[in-house]
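Let us walk through this protein together, with the model open beside the text.

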Amino acid sequence: MEQSVQYGKTSISYTLSRSKRKTLAIEVHPDLRVKVIAPNNASLDSIEEKLIKRGSWIIKQRRYFESFLPRTPRREYVSGETHLYLGRRYVLKVKNTDKSEVKLKGGQLLVSISKRAINTTARDVLAGWYKSHAEKILTKHLQENVKLFRSFSIKEPPLIIKRMKKRWGSLTSTKKLILNPELIKAPVKCIDYVILHELCHLLHPHHGKEFLQLREIIMPDWKRWKERLEQISA
Ligand SMILES: [Zn+2]
């Protein structure tokens with residue numbers, strides 16, 4: 001059920017669901033949706049009161065997630081836009097030169113497009129750059145993270161880099177590791193988190209107690225990086 005509440009000049013729309021829980025929960029999702037889960041007996045007035053009370057937090061969360069939306073269709077690939085690389089935001093600068101290339105300089109992502117490449121866009125040049133960096137970095141981090149499993153006698157799984165709509169990584173039934181190239185936009189620790197999670201699955205296919213214990217040993221601060229990753233929409 002879609003509702004909305006007025007907070008100052010801002011109208012906050014949210015979906016409301018009910019549950020047996022005793023307290024009200026407000027979630028702001030990376031796609032900017034606000035979800036409210038309220039106890040069955042909570043009145044709409046009391047729900048709205050709580051939403052207003054947390055209004056500044058909701059707006060702050062939404063603004064934060066907004067800055068992490070790297071795949072909004074509105075991207076024009078023009079100078080001034082920001083794009084993510086390894087968890088940092090860079091300001092895009094596009095220019096026409098003799099050679100198509102991408103460089104990181106200061107806080108800038110400099111995309112040069114060759115004057116001779118008539119049909120090439122900044123988007124193409126940047127996509128190629130992201131892809132080659134994803135291949136290099138994901139391969140390197142897989143090799144490094146496998147070393148943490150030295151005492152468990154596992155073999156480095158073959159790596160497949162493939163775009164997935166809703167997942168950062170997965171392990172196939174034939175024990176091949178699939179990683180989402182979009183991970184290149186996240187901090188390296190988030191990349192490690194995804195790889196380590198999947199490597200733990202080589203030993204324990206499900207999220208049972210043994211899996212959780214192993215993950216805790218291998219990456220004690222996994223939760224921090226999981227949360228950070230959730231702020232980047234897949
Ligand atoms: Zn898992």
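Two strands are said to pair if DSSP finds at least two bridges between them. Helices (H or I, at least four residues) and strands (E, at least two) are DSSP runs, numbered from the N terminus. What you are looking at is a predicted model, in which local features need pLDDT of at least 70, side-chain atom pairs count only at pLDDT 80 or more, and totals for chains, interfaces and linings use all residues. Residues are numbered from 1 along each chain as its sequence is written.

With those terms in hand, take strand β7 (residues 101-105) and strand β8 (residues 108-114), which pair in the antiparallel sense over five bridges. One place to look is Lys 103, whose bridge partner in β8 is Leu 110. The hairpin formed by β7 and β8 has two residues between the strands, and there Gly 106 takes a positive phi near 60°.

Now zoom out for a moment. The protein contains six helices and 11 strands, and its C-alpha trace spans about 65 × 50 × 30 Å along the principal axes. A residue is called buried if 20 or more other C-beta atoms lie within 10 Å of its own, exposed if 12 or fewer, and partly exposed in between, with C-beta atoms placed from the backbone. Of the 234 residues, 20% count as buried. Two residues are in contact if their C-beta atoms, placed from the backbone, lie within 7 Å. Among contacts with a separation of 6 or more, 43% come from residues 24 or more positions apart.

Next, find the open sheet of three strands, ordered β9-β11-β10 with mixed pairing. Its edge strands are β9 (159-161) and β10 (169-171), each of which pairs on one side only. On average, neighbouring strands of this sheet are turned by 20° against each other, direction ignored. Within the sheet, β9 pairs with strand β11 (residues 177-179) in the parallel sense over three bridges, and Ile 161 stands opposite Leu 179 in β11.

Which helices lie against these strands? Helix α3 (residues 122-146) lies across β9 and β11, running at about 150° to β9. Helix α4 also packs on the sheet, touching β10 and β11, and its direction makes about 15° with that of β10. For all such angles, axes are lines fitted to C-alpha atoms, for helices over the stretch in contact, and the angles run from 0 to 180 degrees between N-to-C directions.

Ser 153 is exposed, because 7 other C-beta atoms lie within 10 Å. Ile 154 belongs to the loop between α3 and β9 as well; with 14 C-beta neighbours inside 10 Å, Ile 154 counts as partly exposed. Setting aside neighbours within four places in sequence, Ile 154 is in contact with Phe 149, Leu 199, Leu 202 and Leu 203. Ile 154 and Leu 203 are 49 residues apart in sequence, yet 7.9 Å apart in space, C-alpha to C-alpha. In the loop between β10 and β11 you will find Lys 175, which has a positive phi of about 60° although it is not a glycine.

Finally, turn to the helix pairs. Two packed helices are described by the angle between their axes and the distance between the axes. The axes of α4 and helix α5 (residues 209-218) come within 10 Å and cross at roughly 135°. That makes α4 oblique to α5, given that angles under 35 degrees count as roughly parallel, over 145 as roughly antiparallel, 65 to 115 as roughly perpendicular and the rest as oblique. Leu 196, His 197, Cys 200 and Leu 203 of α4 make the contact with Phe 211, Leu 214, Arg 215 and Ile 218 of α5.

The axes of helix α4 (residues 188-203) and helix α6 (residues 222-230) come within 9 Å and cross at roughly 110°, so α4 and α6 are roughly perpendicular to each other. Here Lys 189, Cys 190 and Tyr 193 in α4 meet Trp 222, Trp 225, Lys 226, Arg 228 and Leu 229 in α6.
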